[in-house]
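Let's take a friendly walk through a protein model together. Have the sequence and the 3D view ready as you read.

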Amino acid sequence: MRLNYVETGPAEAPVVLLGSSLGADHRMWAPQLDVLSKRFRVVAFDHRGHGESEAPDGPYTIEDLGGDVLELLDTLGAEQASYVGISLGGAVGLWLAENAPERFHRFAIICPPSNPAANPQQWTERAAQVRAEGTKAIADATLGRWFLPDFTEIAPIREMLLACPAEGYAACCEALSTTNLVPDLATITAPVLLITADSDTSVPPETVVPLAAQIPGAHLEIVENAAHLVTYSHPDLVNPLLLAHLA
Ligand SMILES: O=C(O)CC1=CCC(=O)O1
């Protein structure tokens, strides 16, 4: 699987991978790039079925998405990296922390759905809707969950959602419908920063806060007055947390 990615920062610096949310692509990390690229070789990638990555027919699994990231590390010639992921990208990060600890230094996991398989119908219905009507059918509702009304710079994210291949979006919904990362959280050995947002209705903080007690040594931060896509709306608060954890 060839994942599309964009690389910034010094080639010899430690690698940090950036994994995006469902329907978005590597461009959603624009507010982090300047800051992280001063210290790291930053690789923002598109999950399979997203952005300019290949979009084979689904369904996909979390193992497919995590395996793609391990292949990307090989492509980059990086034995190890740190990983920052939000939402779907956060779920992929938890899978990597559980299944490939030898390839990673540190994780920053933001607003992750840890057990979306608890409500599989939500995801299979959304997959069917997007296959039938395209991502335009879910764009407004998604933006309404991802940002509070006072955040108005949403046009670039809308454009990413509309550009996302319907099959790729649907197949990643199906990956979420079969994903439960909770049973193996206690096996995670890498240092994990968990970030949640107090007004996240996509992945409510009540579902993220308990993970901090289940992941050994995890550090939890709650961003106030923020919704799901907190990296995009609140880089002033999130970027210092990322730098402090990754450095
Ligand atoms: O689409 C949403 O609001 C919820 C979501 C779950 C995984 C993800 O990336 O977004």
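## A leucine in a loop

Leucine 185 sits in the loop that runs between helix 7 (166–177) and strand 6 (192–197). Keep in mind that this is a predicted model. Is leucine 185 buried or exposed? Its relative accessibility is 0%, so leucine 185 counts as buried, the cut-off being under 20%.

What does leucine 185 touch, leaving out residues up to four places away in sequence? The list is Leu94, Glu98, Leu211, Gln214, Ile215 and Pro216.

## The whole chain

Along the principal axes, the C-alpha atoms fill a box of roughly 45 × 40 × 35 Å.

Of the 247 residues, 54% are buried. The accessible surface of the chain is about 9700 Å², and carbon and sulfur atoms account for 52% of that surface. Among contacts with a separation of 6 or more, 79% are between residues 24 or more positions apart. As for charge, there are 13 positive and 31 negative side chains, and the centres of the two sets lie 4 Å apart.

In soluble globular proteins, nonpolar side chains tend to be buried together. In this model, the largest nonpolar core has 52 residues. Which of its members touch the most other members? They are Leu17, Tyr83, Leu96, Phe104, Phe107 and Ile215.

Not counting residues up to four places away in sequence, leucine 96 touches Gly66, Val69, Leu70, Tyr83, Pro101, Phe104 and Phe107. Another core lies apart from the largest one and has 32 residues, including Met28, Cys111, Phe147 and Leu242.

## Backbone details worth a look

Cysteine 111, one of the members of that other core, is found in the loop between strand 5 (104–110) and helix 4 (120–133). Its relative accessibility is 0%, so cysteine 111 counts as buried. Cysteine 111 is not a glycine, yet it has a positive phi of about 45 degrees.

Asparagine 225 also has a positive phi, near 55 degrees, and is a residue other than glycine. Its place is the loop between strand 7 (219–223) and helix 10 (230–233). Is asparagine 225 buried or exposed? With 56% relative accessibility, asparagine 225 counts as exposed.

The backbone has one more detail to find at proline 59. The peptide bond from glycine 58 to proline 59 is cis, with omega near 0 degrees. Proline 59 lies in the loop between strand 3 (41–45) and helix 2 (62–76).

## Partners across the sequence

Threonine 8 belongs to strand 1 (residues 5–8), and arginine 41 to strand 3. At 26% relative accessibility, threonine 8 counts as partly exposed, whereas arginine 41 is buried, with a relative accessible area of 13%. Leaving aside residues up to four places away in sequence, threonine 8 touches Leu33, Ser37, Phe40, Arg41 and Val42. With neighbours within four places set aside in the same way, arginine 41 is in contact with residues including Glu7, Thr8, Pro10, Val16 and Leu76.

Asparagine 180 lies in the loop between helix 7 and strand 6, and is partly exposed, with a relative accessible area of 37%. Beyond its neighbours up to four places away in sequence, asparagine 180 touches Ser114, Asn115 and Ala117.

Here are some pairs to find in the 3D view.

| Pair | Separation along the chain | C-alpha to C-alpha distance |
|---|---|---|
| Threonine 8 and arginine 41 | 33 residues | 5.9 Å |
| Arginine 41 and glycine 9 | 32 residues | 4.6 Å |
| Asparagine 180 and proline 113 | 67 residues | 8.8 Å |

Terms used:
Residues numbered from 1 in each chain as written. Predicted model: local features only at pLDDT ≥ 70, side-chain atom pairs only at ≥ 80, totals over all residues. Heavy atoms only, no water. Buried < 20%, exposed > 50% of the residue type's maximum accessible area, 1.4 Å probe, protein only. Contact = heavy atoms within 4.5 Å. Areas by Shrake-Rupley, 256 points an atom, 1.4 Å probe, with all protein chains shown as cover. Lys, Arg positive; Asp, Glu negative; His and termini not counted. Charge placed at Lys NZ, Arg CZ, Asp CG, Glu CD. Core = buried A, V, L, I, M, F, W, Y, C linked by side-chain atoms within 4.5 Å. Helix = DSSP H or I, 4+ residues; strand = E, 2+ residues; numbered from the N terminus.
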